[in-house]
Amino acid sequence: MEAREILRGSGILLSISSLPSPYGIGTLGKEAYSFVDLLSDLKQKYWQVLPVGPTIFGDSPYQPLSGFAGNIYFIDLDKLADEGLLKKKEILGYNWGADESEIDYAALHQSRYKILQKAFERFDTNAQDFQDFVKKQSGWIEQYALFMTLKTDNLDKNWSEWSNEYRDLQTVALENYQKKNYNKITFWEFCQYKFFEQWNDLKDYANSKGIYIIGDISFYVGYDSVDVWADRQLFMMSANDTPEYVAAAGPDKYSESGQVWGNPMYDWDAMKDDDFSWWRRRMRVSRELFDIVRIDHFAGIVKAYAVPYGQDGSLSGKWFKGPGRRLVNAINEELDGVNVIADDYTSASLLPGVKKLLAKSGWMGTKVMMFAFDGDPTNEYLPHNYTDSHVVAYIGTHDNETIVGSFSDKTDYELAYLYEYLNIENKSQVPNALIRELYHSTAELAIVQMQDILELGNEARMNYPSTVGHNWRWRMTSKPHRLDDEKRAWFRNIAVVYRR
């Protein structure tokens with residue numbers, strides 16, 4: 001199936017969570033619209049976001065609690081106030097965290113559900129738009145709302161620790177529970193209704209400005225997710241409801257010691273037997289939310305590395321064959337012309353199979369310039385070695401250091417090749433020189449992290465792979481990080497010069 005023609009262009013990578021907001025985390029409100037205006041002013045065409053699903057383990061958007069639902073932390077509270085569902089003084093009465101430059105997930109968890117519950121109490125659940133939304137999303141939302149209600153009643157414990165009748169989805173017990181907890185369940189449907197409503201309004205605004213949204217899709221879901229609870233036959237699970245194996249990665253350029261991600265592995269034979277219906281439903285929701293879809297960990301479709309559940313190290317794992325072209329075809333059928341970006345970074349041993357499947361898929365590959373400057377002029381990530389323009393080129397992604405952070409402790413001697421390649425003389429010139437080189441490349445899309453545009457150090461890094469507890473927290477503050485007129489003019493100029 002042929003995807004739509006991609007427009008040569010450039011864009012910015014910024015998580016919704018990183019937008020400024022007085023309420024602890026970025027939302028789909030005023031600052032999101034201001035960011036669209038900034039993109040337009042800088043002559044950008046694309047806004048790439050991180051996964052927008054609800055988070056659990058380690059606050060990672062790549063460990064979603066649902067493969068379908070939106071993160072209700074992103075619901076803009078001021079919009080709810082404008083609709084009469086909240087009062088400003090109610091919103092201000094909660095603790096949203098003390099540091100505007102860092103997300104306090106514990107404070108959000110304590111406050112966000114409570115304030116949304118107040119909004120729900122004033123909402124008319126008989127409204128036709130709400131009823132239509134629940135009906136349209138019936139393939140996932142009822143299970144999700146039931147799961148979230150049970151999880152809340154069980155003090156947020158993992159579903160495997162619930163009582164047997166709920167853990168094992170016993171029909172009579174769940175039917176009785178649904179009848180007794182109708183309002184609680186409807187609350188979670190209301191939250192999704194508001195997320196999707198606000199998301200679609202923002203997307204319409206972006207599209208009206210000529211900005212396309214690139215959505216990132218986590219390849220796996222979290223263990224403590226509605227998907228594993230409700231469809232555990234689709235995952236490699238043991239008899240005691242723990243995963244047999246969890247997703248991992250061996251040592252690579254992101255982590256010298258390897259990584260243990262902890263997501264349950266898919267049972268691909270079971271997924272093939274029902275023609276990948278779970279993936280198909282997931283892609284239909286993605287098609288609704290995004291203009292372009294990025295599939296994280298594309299190599300996992302070819303072959304995936306995993307370790308036994310409960311092990312901390314990544315060296316004791318084994319490889320599992322992926323579904324290959326059959327899953328790619330199913331995704332293409334459901335996305336129906338939406339372009340796909342494949343995160344095709346992988347180990348050298350897997351590279352031939354990954355490149356072969358990528359060529360058959362019609363999807364765009366990925367180049368990351370932070371991997372380019374090892375002094376080898378044949379390095380595939382150097383722009384002069386790009387053999388295919390149907391790629392998305394990044395300087396760095398959410399897993400990399402920032403530009404400033406990466407080069408700050410290196411000597412001029414270590415950076416000699418970089419200086420020569422970029423025709424510059426010192427470190428202060430590196431950020432703009434790398435962005436110019438990226439724009440100058442033949443890659444159809446050139447994407448730069450907002451942190452690198454702002455020339456921030458590693459205090460603004462989103463993720464340190466193989467670590468838990470201090471990731472995914474960076475936020476733009478309201479005023480210090482505004483771009484000055486000179487930087488704006490420079491971006492507009494290079495976008496025109498390089499036909500971005």
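**Ground rules.** I note that this is a predicted model, in which local features need pLDDT of at least 70 and side-chain atom pairs count only at pLDDT 80 or more, while totals for chains, interfaces and linings use all residues. Residues are numbered from 1 along each chain as its sequence is written, and side-chain values use heavy atoms, with hydrogens and water left out.

**Gln192 and its surroundings.** I read a relative accessibility of 0% for Gln192, which therefore counts as buried; the cut-offs are under 20% relative accessible area for buried, over 50% for exposed and partly exposed in between, with a 1.4 Å probe and protein chains only. Setting aside neighbours within four places in sequence, I listed the contacts of Gln192 as Ala69, Gly70, Ile72, Phe133, Trp140, Ile141 and Tyr144, a contact being heavy atoms within 4.5 Å.

**H6 against H9.** Two packed helices are described by the angle between their axes and the distance between the axes. For helix H6 (residues 141-153) and H9 I found axes that come within 8 Å and cross at roughly 120°, the axes being lines fitted to C-alpha atoms, for helices over the stretch in contact, with angles from 0 to 180 degrees between N-to-C directions. H6 and H9 are therefore oblique to each other, since angles under 35 degrees count as roughly parallel, over 145 as roughly antiparallel, 65 to 115 as roughly perpendicular and the rest as oblique. On the H6 side I noted Ile141, Glu142, Tyr144, Ala145, Leu146, Met148, Thr149, Thr152 and Asp153, and on the H9 side Lys184, Ile185, Trp188, Glu189 and Gln192.

**The sheet of 8 strands.** I traced an open sheet of 8 strands in the order S9-S6-S3-S2-S1-S12-S11-S10, with parallel pairing; two strands pair if DSSP finds at least two bridges between them. Its edge strands are S9 (339-342) and S10 (365-368), each pairing on one side only, and the twist averages 25° from one strand to the next. Which way do the residues of strand S11 (residues 391-394) point? Val391 and Ala393 point one way and Val392 and Tyr394 the other, and all are buried. S10 is joined to S11 by 4 bridges in the parallel sense, with Val368 opposite Tyr394, and S11 pairs in parallel with strand S12 (residues 445-449) over 3 bridges, where Tyr394 stands opposite Ile447. Elsewhere I checked strand S2 (residues 46-48), which pairs with strand S3 (residues 212-217) over 3 bridges, and found Ile214 as the bridge partner of Gln48.

**The sheet of 4 strands.** I also found an open sheet of 4 strands, ordered S5-S4-S7-S8 with antiparallel pairing, whose edge strands are S5 (259-264) and S8 (318-321), and whose twist averages 45° from one strand to the next. Strand S4 (residues 245-249) is joined to S5 by 3 bridges, and Val260 is the bridge partner of Ala248.

**Arg499.** Finally I turned to Arg499, in the segment after helix H20 (485-497), which is exposed with a relative accessible area of 60%. From Arg499 to Trp199 I recorded 300 residues in sequence and 29 Å in space, C-alpha to C-alpha.

How values were computed
Helices (H or I, at least four residues) and strands (E, at least two) are DSSP runs, numbered from the N terminus.
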